[in-house]
Amino acid sequence: MESKTNIIFRESIPGKSGASVPPCDVPEHALSEFIPNHVLRESPPNLPEVTEPEVVRHFVNLSVKNHHVDRDFYPLGSCTMKYNPKINEKIASLDGFAGIHPLQSVETVQGALRVMWELEQMLLKITGMSAATLQPSAGSQGEFVGILIMKKYHDERNDSRKYIFIPETAHGTNPASVILAGYQIKKIKSDSRGRVDLAHLKQNLDQHTAGMMLTQPNTLGLFEDQILDITSLVHEAGGLMYMDGANLNALVGITKPADMGFDITHINLHKTFSTPHGGGGPGAGPIAVTEQLAKYLPIPVVVKKRDESFDWDYDRSASVGRVHSYFGNFSILVRAWAYILSMGEQGLKEMTKNAILNANYLKYLLKDTYHIPFSEGTMHEFVISAVDQKKRGIRALDIAKSLLDNGYHAPTVYFPINLPEAIMVEPTESETKNTLDEFAQSMIDIDSLIDTDPESLTQAPITTPVRRLDETKANREPDIRWKFQKTDNLKEVN
Ligand SMILES: *Cc1c(COP(=O)(O)O)cnc(C)c1O
């Protein structure tokens, strides 16, 4: 069936309009005076001409083509796709937040600065760190800034170190950040329990070690229980410890990165602190650091003055500089601030406990049907290795695609890369027992279909707006810009 959206734009007829705009009150001469000739349009933009209901239907149709957490369960491991309470949206859209401009003088935006200052204080309390920046717009950018800070720290000591250690289970952004910041990677093996292999770490530590990046809990959903040994070994060798905090949803209110010996951590507000993500952004990946690293944080830094008013401090000679235009993705910061305030200290602790409980419950429901290799000490997520299913002819990819037909978003597949046929499930705290039961049944039914109707699994999905895509081509040659094509219908009218 042809997509509804395209049909709606076929309705384009020149002169048809969904809006009435008052006549332009800028005199012609002003246009040429203020706008250079070479940037002026030579002809009107080639846009469809449609009525307001047609535009509304176009976007509503688009909005239901993709899966999102407001439609159904979204157990995408490593991404913490929790429900985003609508109150956060309401608060972020208040005029005083949505209608301000970053170039306004600080006296006129004291409330906005207060929100940023308070959010920093909340994140410091949660991480146990001493200072923070809200500028990075993603976890990956936070990582990059964190490694720049490590570099500055060593450079100031005239200590030219070369390597940053990364465990083999790490998220792909970790090695990318290390390379971008000018360091080299040393991969550290996992032991038989899915944790950092301490012996392998010890063998590699020396005076060239700049530091280590560690995800806690790691991407297998396991708490690195030798963390105190790891952080003191790296510190003894003169290195710094970076915590990839993307999995903070398993720690908030229970333990803190600073208490485990980390020097720097990023916080994915769009994961743990419930701001919408999944469409590629915008996000926010603040970083928090120990006292000795505070001077390297990006400028400007929001400060509370003696008279209780707020201001920006640009005067920091050791800073790594600016990493974002203006002050970061402000509206995301407002949502996280609202979320933390509405949850409160006790609520956040409950959130963490429920996230861990939900993952363990779901793992329990699936463990007799699917192989879950590292299942001792599961925190907020777990990883299935669908090797038994593969032996019977069905891959992790087929299982993921079949879940789409059952109305779920697929879990993360083929990550972490050290597990064959990986299916990484993170239910989050915001799902009910009923949802978890139904999802588990769906996974169990898929396994039964391998023996009775494997074709239905290899053909899946059949109920989605598009079927199986050439994912490599979509990556290499993305075609993401909508282009208006004049149809025959239009030519006739012309
Ligand atoms: C999501 C994630 C990141 C990167 O965060 P972005 O905000 O997507 O850049 C890094 N590490 C882990 C473990 C993650 O899950």
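Reader: What covers the buried residues of α10?

Author: The cover includes α9 (198-204), β4 (209-215) and β5 (240-244). Helices (H or I, at least four residues) and strands (E, at least two) are DSSP runs, numbered from the N terminus. This is a predicted model, in which local features need pLDDT of at least 70, side-chain atom pairs count only at pLDDT 80 or more, and totals for chains, interfaces and linings use all residues. Residues are numbered from 1 along each chain as its sequence is written, and side-chain values use heavy atoms, with hydrogens and water left out.

Reader: Which residues of α10 are buried?

Author: In α10 (residues 227-236) they are Ile227, Ile230, Thr231, Leu233 and Val234. Buried means under 20% relative accessible area, exposed over 50%, and partly exposed in between (1.4 Å probe, protein chains only).

Reader: Why does Thr169 count as buried?

Author: Thr169 has 4% relative accessibility, and therefore counts as buried. Thr169 sits in the loop between β2 (163-167) and α8 (173-180). Leaving out residues up to four places away in sequence, Thr169 touches Ser190, Asn218, Thr219, Leu220, Phe415, Pro416 and Asn418. Contact means heavy atoms within 4.5 Å.

Reader: Pro416 is in that list. What kind of peptide bond runs from Phe415 to Pro416?

Author: That bond is cis, with omega near 0°. Pro416 lies in the loop between β11 (412-413) and β12 (422-425). The bond from Ile299 to Pro300 is also cis, with omega near -5°.

Reader: Is Ser274 buried or exposed?

Author: Ser274 has a relative accessible area of 1%, so Ser274 is buried. Ser274 also has a positive phi of about 55° although it is not a glycine.

Reader: Why are α11 and α14 called roughly parallel?

Author: The axes of α11 (residues 330-366) and α14 cross at roughly 30° and come within 10 Å. Angles under 35 degrees count as roughly parallel, over 145 as roughly antiparallel, 65 to 115 as roughly perpendicular and the rest as oblique. Therefore α11 and α14 are roughly parallel to each other. Axes are lines fitted to C-alpha atoms, for helices over the stretch in contact, and angles run from 0 to 180 degrees between N-to-C directions.

Reader: Which residues of α11 and α14 meet?

Author: Asn358, Tyr361, Leu362, Leu365 and Leu366 of α11 meet Lys433, Leu436, Asp437, Phe439, Ala440, Met443 and Ile444 of α14. The residues of this contact divide into nine nonpolar, one polar and two charged.

Reader: What makes α13 and α14 oblique?

Author: Helix α13 (residues 396-405) and helix α14 (residues 433-452) pack at about 125°, with their axes 10 Å apart. The two helices are therefore oblique to each other. Their contact is made by Ile399, Ser402 and Leu403 of α13 and Phe439, Ser442, Met443 and Ile446 of α14. These residues are five nonpolar, two polar and no charged. Ala, Val, Leu, Ile, Met, Phe, Trp, Tyr, Cys and Pro count as nonpolar, Asp, Glu, Lys and Arg as charged, and the others, Gly among them, as polar.
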